[in-house]
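Colleague: Please pick one part of this model and take me through it closely. I would also like to hear how that part sits in the rest of the fold.

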Amino acid sequence: MLNKQADLAGPGIGTYEEVAAALPQNYDSLLTPMETMHALYGVKKYIEENLCKELGLSMVQVPLIVDRESGVNDMLDRDGSRTPVEFPCGLGLEKRLNAQVVQAATKWKRMALKAFGCEIGEGICTDMRAVRKDYFLDHDHSAYVDQWDWEKTISADQRNLDYLTQTVRTIWKVIKGAEQYAQNMFPQLVDPRYPSLPDELTFIHAEEILEMYPDLPRKQRETRLVKEFPAVFIYGIGWPLADGYPHEMRAADYDDWVTETRSKDGRPMHGLNGDILVWNPVTQRRHELTSMGVRVTKDTLRKQLEMSGQLDLLEQPYHQAILNDEIPLSIGGGIGQSRVYMLLLKKAHIGEVSVTVWPQQLRKISAEKNIHLLQ
C-alpha cells in the first residue's frame, strides 16, 4: 500500500510490472483502428459543439508555447516535481526568449477572457495540446496531452457550490450525449461487458470520502468510491483534510480550494473545485475525465500561495492581473480528450486513441495483451 504522502500526485502506478498486472486479460478492441478514428472525430465534433452550446462558449485558438516570464504556464502541482519543457527561441535576438511548452492552458484562459471580451455568462473553449514530460507513462497517462480547456466569466454571486454543481451537471450531460452519439455510429459499442455511463453523477466532498475510508491513500479511496458509485464528482481538492493531507496536490493559483462551504448536512467544508471520476469497465480501474473549478480571487490567491509557500509568485504578470482586478472572475476546467475517447470507445489503453511516444517495455506488455498502440 502506498503511503498518503506518496499518493498526493501522479498516476498511482510506478512500475511496468504493475502496469502489466493492471491491463485487462482477453482484450479485443470493439473497433478497428480506422473505425476508432471515425468514432473519435465524431465524438470530438459533438463535444465541442455541445460544450459551446450548453455553456455559452466559443472555440478559440490557444498557445502551444508561452513566455516563461509571463507566469501563465500551469505547474500542475505545488511541489515543483512536474517541470515544463523549456527552450530558448528567437533567432537573431540579443537575448533569446525563454519559451515553455504549456502543461495546461489554465492561467492563459482566464487572461484570454479579457482579450476576447467575454462578458458574464460568456466564455471560451480550446482544442489544447500540451507536453507533460514528468508523468509515469502507463495505460492512461501520456507525455502528450490533449484537452478541451474551457473558461467562462462569472459574477461574484456565482462563486458558490450550487453554480459549480450546475456546471458539472451540464458537462456530464454533454459527455452522456457523446456516448450515445458514438453508440449510434457503431452499435457494437453497446456491449453487456461494458455498461454505459450512469445518467447522473454522485456528488461528494473529499472530506466525506476520507471519513468513509480513513486509512486508505487517495487513489485507493477513489477506487473504492467509484466501485460503489460508478460516476462521481469530488468537491474540494487541495485543502488539507482531517488527516493533514490534501486529497491531492493542486496548484495554488487557479482553482479556489480554500473558500469555506457547507456539506449537505451543514458541516463546514472547503473548496470550489473538483474532479469527475468514473469506473472504467474495460480497465477495471478508476478513470479521471476532468478537473475544474471556480477560480481564485485576489484574497484566496494570497491565502493559497501563503499556505503553499509560494508568495514570490505574486510578482508575475498573471498574478498581478488578479490582484489588480484586471481579469474577470471565472470558472473553468480541462476535459481530457483522449481520456474521454478511451472511455467511450471502450479502449484498454490511451495509446489506442492517441499517437505519442511510449517506452519499448510498455509496447511489449501491451502487444502481449492484444492492445495495439498507435505509432
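**The largest cavity and the sheet beside β12**

Modeller: Happy to! Let's begin with β12, which gives the largest share of the lining of the largest cavity, six residues. Strands here are DSSP runs of E with at least two residues, and helices are runs of H or I with at least four, both numbered from the N terminus. Please keep in mind that this is a predicted model, in which local features need pLDDT of at least 70 and side-chain atom pairs count only at pLDDT 80 or more, while totals for chains, interfaces and linings use all residues. Residues are numbered from 1 along each chain as its sequence is written, and side-chain values use heavy atoms, with hydrogens and water left out.

The structure holds two cavities of 30 Å³ or more; a cavity is a set of points on a 1 Å grid over the protein atoms alone where a 1.4 Å probe fits but cannot get out, and its lining residues have an atom within 4 Å of a point. The largest cavity contains about 700 Å³ of space, counted as the space filled by probe spheres set on the points, which are joined across faces, edges and corners. Its lining is made up of 41 residues, and Arg132, Tyr135, Gln147, Glu288 and Ser291 are the ones nearest the centre. Sorted by class, the lining has 17 charged, 12 polar and 12 nonpolar residues (Asp, Glu, Lys and Arg are charged; Ala, Val, Leu, Ile, Met, Phe, Trp, Tyr, Cys and Pro are nonpolar; the others, Gly among them, are polar). At least two lining residues each come from α3 (106-115), β6 (144-153), α6 (218-228), β12 (285-294), β13 (330-336) and α9 (337-344).

Where does β12 sit in its sheet? The sheet is open, has eight strands in mixed pairing, and runs in the order β1-β5-β6-β13-β12-β11-β8-β7 (two strands pair if DSSP finds at least two bridges between them). Because β1 (57-60) and β7 at the edges each have a single partner strand, one side of each is left without a neighbour in the sheet. From one strand to the next, the twist averages 25°, using axes fitted to C-alpha atoms.

Eight bridges join β11 and β12 in the antiparallel sense, with isoleucine 276 standing opposite threonine 290 in β12. Moving on, β11 (residues 273-280) is also antiparallel to β8, over five bridges; here valine 232 has leucine 277 in β11 as its bridge partner. On to β7 (residues 202-205), which runs parallel to β8 and is joined to it by four bridges, including the one between isoleucine 204 and isoleucine 234.

β8 (residues 231-235) is largely enclosed by the rest of the structure, because five of its five residues are buried (under 20% relative accessible area with a 1.4 Å probe, protein chains only). Both of its faces are covered, with Ala231, Phe233 and Tyr235 buried on one side and Val232 and Ile234 buried on the other.

As for the whole chain, there are 10 helices and 13 strands, and 60% of the 375 residues count as buried. Along its principal axes the C-alpha trace spans about 60 × 55 × 40 Å.

Methods
1 Å grid on protein atoms, 1.4 Å probe; cavity = no way out; pocket = protein on both sides within 12 Å on 5 of 7 lines; lining within 4 Å. Buried < 20%, exposed > 50% of the residue type's maximum accessible area, 1.4 Å probe, protein only. Axes fitted to C-alpha atoms, helices over the stretch in contact; angles between N-to-C directions.
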